Structure formats: structure tokens, C-alpha cells
Amino acid sequence: TQGPGMVGSLSVGLNLAKGLSLGLSKRLLGVHHMLGHLLVPRMNQQDQLKFPIISLLASGGHTMLVESQDILTHKILVDTIDIAIGDSMDKCGRQLGIKANMIAKEMEKLALKTDNSKNLLHLPNPLSASHNKRKLSFSFSPFITALNNQIEAMTINDETTLNHLAFEIQESHFNHLIYKIKQYMVKHGDVNSKINFVASGGVSCNKRLRTKLETELREYFESFHYPSNNELC
């Protein structure tokens, strides 16, 4: 992909593509980063994954719901008004003291050690209040503000507490994501004409998110699809 994105990551793909282009005597075509996320799941699933498709693109740099009629025709249905879900989860994880190259991925490991919430935090569901409830957008910056306001008064001195906090932060982000997707589908979707759903981008590799998507959105979609290799998310 030619961008937008992090220069380091893009350059790795670009140099590999240049080598393949030269070695195979094929043209080198630059593809928009978001289009790459949209189309990668079809590489090994073309027979099962027919258009039209609704895709959730969720990573550290973007969060959007997109409708695709064919390879060239795409429409953004829901976008974030501030930061991406992965960026928010990384910043929240950093506030918990998690140190890793991929903080949200490390937070997932902690969250997997518990399967319930002790309500240690009071985190919001952004854009759900009556005055902006109908706004079809994602918003993730309120999670960081809410966590910062509460974490200072807490003492995290054991692994169990850290696991529960990681679970609650992750769960609240995913609940907001699904809340807004449902909101769009209720307003604009056709339950009698279900279509395929794709989740792509780094955050879509999260097992808990995939479970919640398939459980809570199954009435709206025919089937759920992901990149065949997590490294391609």
C-alpha cells in the first residue's frame, strides 16, 4: 500500500513489492492503505466473500465502517470524529503501566485471564447521550479522559486487579464500536437482505472483539470474515 500510514511499515511493504515486481516482471501498483485492508480478506476467500460487503476497519490509525459494492466502489458509513480505537486502547494501556511495542495486544493477553468485570472503572459510551445519540460516528478520546480521572486514585498492586482493568477498558471500547454499528444497521440496514461482514486492521485480530461481533451482530449479517493470516490484519 502507498499510504496513508507509518513510513516504517509502508517502506517494508514497498521494498518487498519492488522486489516482486522486478523478479516477476510485473507492474507495481500503489494501493490506498484502507483499500488494502478492505480487499486482503478476499485474497483466499473470493468464493465465499461476495460483494456487497460491509467492512469494519479498526487499527491504531483508523476506525471506520465501509460499504463496498465492488472492488472500486466504496462508501464510508461511520467514521471516528477524533482518534482511532487502537490509539485509544494503546494510550489507556500505557496508563495502566503496560510496556510493550504493541500495548493493546499485550492488554488483550491480560484481559483474557478474566471473563468478567468487577466494575472497577466507570467508563463512558461516547455519543450515547440524548443530545447526540443519533450521531453516526465513533469517538474514543473520552475513554482516555475518563481513565485518567479515575486511575490516579487507584492502587494497582496485584495482577488480578490489572487483569480486570484491562478487561473493562477493552470491553468498553468494543461495546462502543458495536453500539454504533448496530445504530447504523437499525437506521439504514435491511435485515431481510443480509450481506457479508468483514473485520480488518490490527484491532480486528482481537479474539474477544471477533466473538462479540459474531454474537451481537449476527441478526444483521450473513457471515463474518477476517484476513486468513493475523499478520495481514
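**Labels and the values behind them**

Analyst: Cys-92 has a relative accessibility of 1% and therefore counts as buried. The cut-off for buried is under 20%. Keep in mind that this is a predicted model.

User: Why are helix 3 and helix 5 called roughly parallel?

Analyst: Helix 3 (residues 85–95) and helix 5 (residues 141–151) pack at about 10°. Angles under 35 degrees count as roughly parallel, so the label applies to helix 3 and helix 5. Their axes are 9 Å apart. On helix 3, Ser-88, Lys-91, Cys-92 and Gln-95 make the contact. Helix 5 contributes Phe-143, Ile-144, Leu-147, Asn-148 and Ile-151. By class, this contact has 5 nonpolar, 3 polar and 1 charged residues.

User: Which residues of helix 3 are buried, and what makes them one face?

Analyst: The buried residues are Ile-85, Gly-86, Ser-88, Met-89, Cys-92 and Gly-93. Seen down the helix axis, they fall within an arc of 160°, so they line one face of helix 3. Their cover includes strand 1 (53–58), strand 2 (63–68), helix 4 (103–111), helix 5 and helix 6 (159–188). Just after helix 3, Gly-97 has a positive phi of about 95°.

User: What makes the phi of Ser-25 worth a note?

Analyst: Ser-25 is not a glycine, yet its phi is positive, about 55°. Most residues other than glycine have a negative phi. Ser-25 sits in the loop between helix 1 (7–24) and helix 2.

User: What is the phi of Leu-127, and is Leu-127 buried or exposed?

Analyst: Leu-127 is also no glycine, and its phi is positive, near 60°. Its place is the loop between helix 4 and strand 4 (137–138). With a relative accessible area of 12%, Leu-127 is buried, as the limit is under 20%. Ser-25, at 67%, is exposed, since exposed means over 50%.

User: How do you know that the bond from Phe-51 to Pro-52 is cis?

Analyst: Omega of the Phe-51 to Pro-52 peptide bond is near 0°, and the bond is cis. Most peptide bonds are trans. Pro-52 lies in the loop between helix 2 (33–39) and strand 1.

Definitions and conventions
Residues are numbered from 1 along each chain as its sequence is written. This is a predicted model: local features need pLDDT of at least 70, side-chain atom pairs count only at pLDDT 80 or more; totals for chains, interfaces and linings use all residues. Side-chain values use heavy atoms; hydrogens and water are left out. Axes are lines fitted to C-alpha atoms, for helices over the stretch in contact, and angles run from 0 to 180 degrees between N-to-C directions. Helices (H or I, at least four residues) and strands (E, at least two) are DSSP runs, numbered from the N terminus. Angles under 35 degrees count as roughly parallel, over 145 as roughly antiparallel, 65 to 115 as roughly perpendicular and the rest as oblique. Contact means heavy atoms within 4.5 Å. Ala, Val, Leu, Ile, Met, Phe, Trp, Tyr, Cys and Pro count as nonpolar, Asp, Glu, Lys and Arg as charged, and the others, Gly among them, as polar. Buried means under 20% relative accessible area, exposed over 50%, partly exposed in between (1.4 Å probe, protein chains only). The arc is that of the directions from the helix axis to the C-beta atoms.
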